[in-house]
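Some labels only make sense once the cut-off behind them is known.

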Amino acid sequence: MPTLHSALLSLVAVTTTRAQGTCNVPEHEKTDCGIGDQKGCEAKGCCWKPVDPNPSNLPWCFNSPGPSPGPSPGPKPGPAPPPAPPGPLVGCQVFSGNQCTGDVVETDPSFEANRWFTPLKGEEGYQTSFQDYGRLVAHADVRYSDNTLTSATVTVVAKHKDPSVVVSCILGGKVEASCKSEFSAKQKEPLSIVVKGSDGSEVQLEDVDFRWNAPDVKPRDGDYRGGQKGALVEMFGWPHADIEKECAELAKLGYMGVKVFPVHEQVMSAEPFQNMLNPWYFMYQPVSYRLQGRMGTRADLRKMIATCRSVGVRVYADAVTNHMSGGGNDANTHHRNPQAGCTKWGNKTSSLPGGHSPFYTQDFTYTVGKHTGKQPLQEFPAVPYGPLDFHCERALSSWTDPLDLNAGWLTGLTDLNTERENVQERIAAYLTDLIGIGFSGFRLDAAKHIKPDDLVGILSKFKRNVGGSLPTDFFTWLEVLLGGEADLLMCNPDSGYNFGSYFTGKLAKAGFTAAEINQIKTWNSGYPKEPEKGVDDCSIAKSGLQRQVIQNDDHDQQNPGSSSRDMGDQGCVLIKGCDEAKHRAFEVELFTNPPGSADNKNDYPIRTVLSSFYWGEDSVQGMPDGKSDCSLCTINCEGCKTMPYAAAYDPSSKGYDTGKGKYTRVHRDSSIVNAMRAWMGLTELAPREVIV
C-alpha cells in the first residue's frame with residue numbers, strides 16, 4: 001500500500017476551552033469573535049466551542065460576558081429565535097460529524113439523510129459527466145452460469161432518491177422493465193446499459209464486457225502449469241498502449257504475464273500537491289470502479305488485453321478495494337483547513353476522459369447540500385456507495401489492533417465498511433468485471449486492512465459470480481505488509497486477525513477446494529530477509545511456499561524514505577541509489593536461488609519483476625506518462641515541479657535504462673531474462689535475441 005496515498009493534513013480533535021470568565025454562555029448571548037481557529041481564538045481571550053451539527057450557525061469562537069459590575073440585570077430575555085435555515089459554517093469552521101472512537105466503527109444510520117449531494121442539471125457545480133447521479137444511481141451485476149464462462153445473467157441494481165419512481169433499463173438497445181436479462185456467446189460486443197427513471201432521470205453505465213469475447217491465451221512452450229507458475233512484469237507507470245506494444249516481446253522473452261497498475265477511475269488534479277502534479281500514489285485513490293484509469297480508457301484496456309492474450313501473455317490487475325479517495329480529495333468545490341491558516345482549495349477531478357464522476361467526502365467541508373441541507377459525507381454515486389457504506393472516521397493509530405487495522409482510515413483514505421453485504425457484493429461485481437474484460441487475476445491492494453472474514457465473503461461472492469469455481473488459470477494475491485505485526489497477521493492463527501492458517505481454514509469452510517486455496521496467494525513482504533514470516537503460521541516446513549508471491553524491488557518503495565518493507569542487505573530498490581550490478585544480482589537470485597526455497601522448481605510459483613522509472617528533477621514523483629507535466633497545471637502553478645513525457649515503449653532497450661524521468665525497463669535485461677527462462681524450463685536466449 002503506498003505510504004503517500006493521502007493528500008491531506010490530519011485533523012486534530014478540539015474541545016471546549018475556557019478563556020476569561022465563564023464559557024457556559026447561553027446561545028443567544030454569544031458574540032462572534034470572528035476567529036476561525038482554536039489557537040487564535042484563545043489568544044484573543046475568547047471561548048472556543050465547536051458546534052456540530054450547527055443549523056443555527058452559532059459561532060465556535062465567541063466572547064464570554066463575564067461578571068457585570070453594573071446594575072442588576074433586567075428581566076430575562078425571551079426564548080432564543082428559531083434556528084436559521086441550514087447554510088455554510090461561519091468563520092473558518094469545518095464540519096466534524098461522523099468521527100468515532102472506542103469500539104464504534106459504523107457510520108450512524110441517521111447519516112443516510114446526507115446522501116444525494118450531487119448537484120442536478122442547471123445547478124451550480126453541475127457537469128454533464130454527473131448525468132443524473134443526483135437522483136439515480138446503479139451498477140451492473142454479472143453472474144456467469146458455470147465455469148465455462150460462456151453464458152451469464154446481467155442484473156442492474158438501481159436506487160432512486162424517490163422510492164416511488166419506477167426504474168427501467170435498456171440492455172443492448174432492448175428495454176427490460178425488470179432490469180435483468182440473460183446473455184450467451186451470441187453477444188459478440190460489449191453490452192451497453194442505460195437506466196431510466198419514470199421522472200425523466202437517466203444514467204448510462206459502463207459497457208459490460210463478457211469473458212467469452214476475450215481471446216484465448218495462446219499456448220506457449222514452458223513450465224507455465226496452466227497459468228499457475230511463471231514470472232510477471234509489473235509495468236509501473238506504463239500506459240496501456242505501450243504495454244500492448246511490449247507484449248510480443250514479453251512473450252518472446254518467456255514472461256507468463258504482465259501486471260498493470262490500478263485501472264479504475266482515479267483522482268487527478270490540475271493543481272499541484274506538494275509541488276507535484278498528479279503524483280503516482282493518486283492512482284490508489286478510486287473515484288469509481290469504471291475502467292477509465294490514468295493509463296487509458298476501457299477501450300484501450302480491452303485492446304491491450306486482447307493483444308497480449310493473443311500472443312500468450314496473461315494480464316493481471318491491481319484492485320483497490322479497501323477504500324476510496326482521501327478525505328478532502330473530492331469533487332466538492334469548497335474546502336478549507338482551519339489548522340493551516342484557513343487555506344482553501346477546490347475540487348479534484350479524475351482520470352475519466354471528458355469530465356469526472358461526482359465523488360464526495362466529509363473532510364475539510366463547510367457547505368451543505370442544496371437538496372439535503374446537510375454536510376457532505378462519503379458518497380461515490382458512480383459505484384454507487386453512500387455514507388453508510390463506509391466506516392465512521394477514525395485515525396489508524398495502532399498497527400497491532402485488529403479494529404484499527406480494519407476500520408481505521410489509512411492515511412486519511414475513506415475506509416469501506418467491508419462487513420456490509422452490499423459492499424461485499426459490489427466489490428465482487430467489480431472483480432467479476434475485471435475477469436470479464438480478460439484479466440487472468442488481480443493483486444488485492446491493502447488487503448491487510450480488510451478483515452480476513454470479510455475477504456472470505458468477498459471472494460466467495462466472486463467465486464459464485466464466475467460460475468461457482470475459480471477459473472483454472474486464475475490466481476489472486478493479497479498485499480499483507482508485515483512490518484512488526486507478523487505474529488498477528490501470519491504466525492498466530494488465534495490472533496483474531498490472521499491471514500495465515502486461520503484465513504485458509506475459513507476459505508475451506510466456505511467451500512473453496514485445496515487447489516482453489518492455493519490460487520489465493522499472499523505477497524510475501526518478508527522476502528528476501530525473513531521469508532518465513534510471510535507464510536502460514538510462519539513455518540515454511542509446515543505450510544510450504546505454494547501460496548507465495550515474491551519479488552525484490554516493488555512499487556511501494558518508489559518514493560523517498562519509504563520504510564514499508566525491510567529487505568536489509570538482501571535486496572534493494574534500483575531508483576534509490578542501488579548499484580545496477582547489485583540490483584541485477586538480486587533479480588537473478590529471485591529465479592535461481594530465492595531465500596527460503598529448498599525446491600526452486602516448485603517453490604514460490606509466482607515471481608514478479610518491477611520495471612519502474614526514475615524520479616524527475618529534484619526527486620519529483622510524478623509519472624513520465626505526460627500527465628505530471630506542469631504544462632497541464634491551471635491552479636496555483638507557481639513552484640510546480642514538472643515531470644516531462646517519456647515514451648515507456650522502446651524496442652531498442654536492453655534493460656537498465658537510466659536518466660531522470662526515464663523508464664528502467666529492467667525486465668529486458670538478458671541476465672534476468674535467462675535466469676527466468678531456466679526456471680521455466682526454457683532455453684537460453686543470446687543477448688541479441690532479447691531485442692525486438
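Q: Why does tyrosine 497 count as buried?
A: Tyrosine 497 has 1% relative accessibility. Buried means under 20% relative accessible area, exposed means over 50%, and partly exposed lies in between, with a 1.4 Å probe and protein chains only. So tyrosine 497 is buried. The model is predicted: local features need pLDDT of at least 70, side-chain atom pairs count only at pLDDT 80 or more, and totals for chains, interfaces and linings use all residues. Residues are numbered from 1 along each chain as its sequence is written, and side-chain values use heavy atoms, leaving out hydrogens and water.

Q: What makes phenylalanine 499 buried?
A: Its relative accessible area is 0%, so phenylalanine 499 is buried.

Q: How many aromatic pairs does a search of the whole structure find?
A: The search finds 31. Rings of Phe, Tyr and Trp (its six-membered ring) pair if their centres lie within 6.5 Å; planes under 30 degrees apart are stacked, over 60 edge-to-face, and the rest tilted.

Q: Why is the pair of tyrosine 497 and phenylalanine 499 called edge-to-face?
A: The ring centres are 5.6 Å apart, and the planes meet at 85°, so the pair of tyrosine 497 and phenylalanine 499 is edge-to-face.

Q: Why is the pair of phenylalanine 591 and tryptophan 679 called tilted?
A: The centres of these two rings are 5.7 Å apart and the planes are at 45°, so the pair is tilted.

Q: Which parts does this pair tie together?
A: Phenylalanine 591 lies in helix 11 (residues 580-592) and tryptophan 679 in helix 12 (residues 670-679), so the pair ties together parts 88 residues apart in sequence. Helices (H or I, at least four residues) and strands (E, at least two) are DSSP runs, numbered from the N terminus.

Q: Are phenylalanine 591 and tryptophan 679 buried or exposed?
A: Phenylalanine 591 is buried, at 1% relative accessibility. Tryptophan 679 is buried as well, with a relative accessible area of 5%.

Q: What does glycine 230 touch, not counting residues up to four places away in sequence?
A: Glycine 230 touches Met256, Pro605, Ile606, Arg607, Trp679 and Met680. Contact means heavy atoms within 4.5 Å. Glycine 230 itself is buried, with a relative accessible area of 0%.

Q: What makes strand 11 mostly covered?
A: Glycine 230 is found in strand 11 (residues 230-235). Six of the six residues of strand 11 are buried. Gly230, Leu232 and Glu234 point one way, and Ala231, Val233 and Met235 the other way.

Q: Which strands do bridges join to strand 11?
A: Two strands pair if DSSP finds at least two bridges between them. Six bridges join strand 11 to strand 24 (residues 606-611), running parallel. There, glutamate 234 stands opposite leucine 610. Three bridges join strand 11 to strand 12 (residues 257-259), also parallel. In strand 12, valine 258 is the bridge partner of valine 233.

Q: How do you know that lysine 463 sits over the ring of phenylalanine 512?
A: A charge sits over a ring if NZ of Lys or CZ of Arg is within 6 Å of the ring centre and within 35 degrees of the ring normal. The charged end of lysine 463 is 4.5 Å from the centre of the phenylalanine 512 ring. Arginine 115 lies over the face of tryptophan 116, at 5.6 Å from the ring centre.
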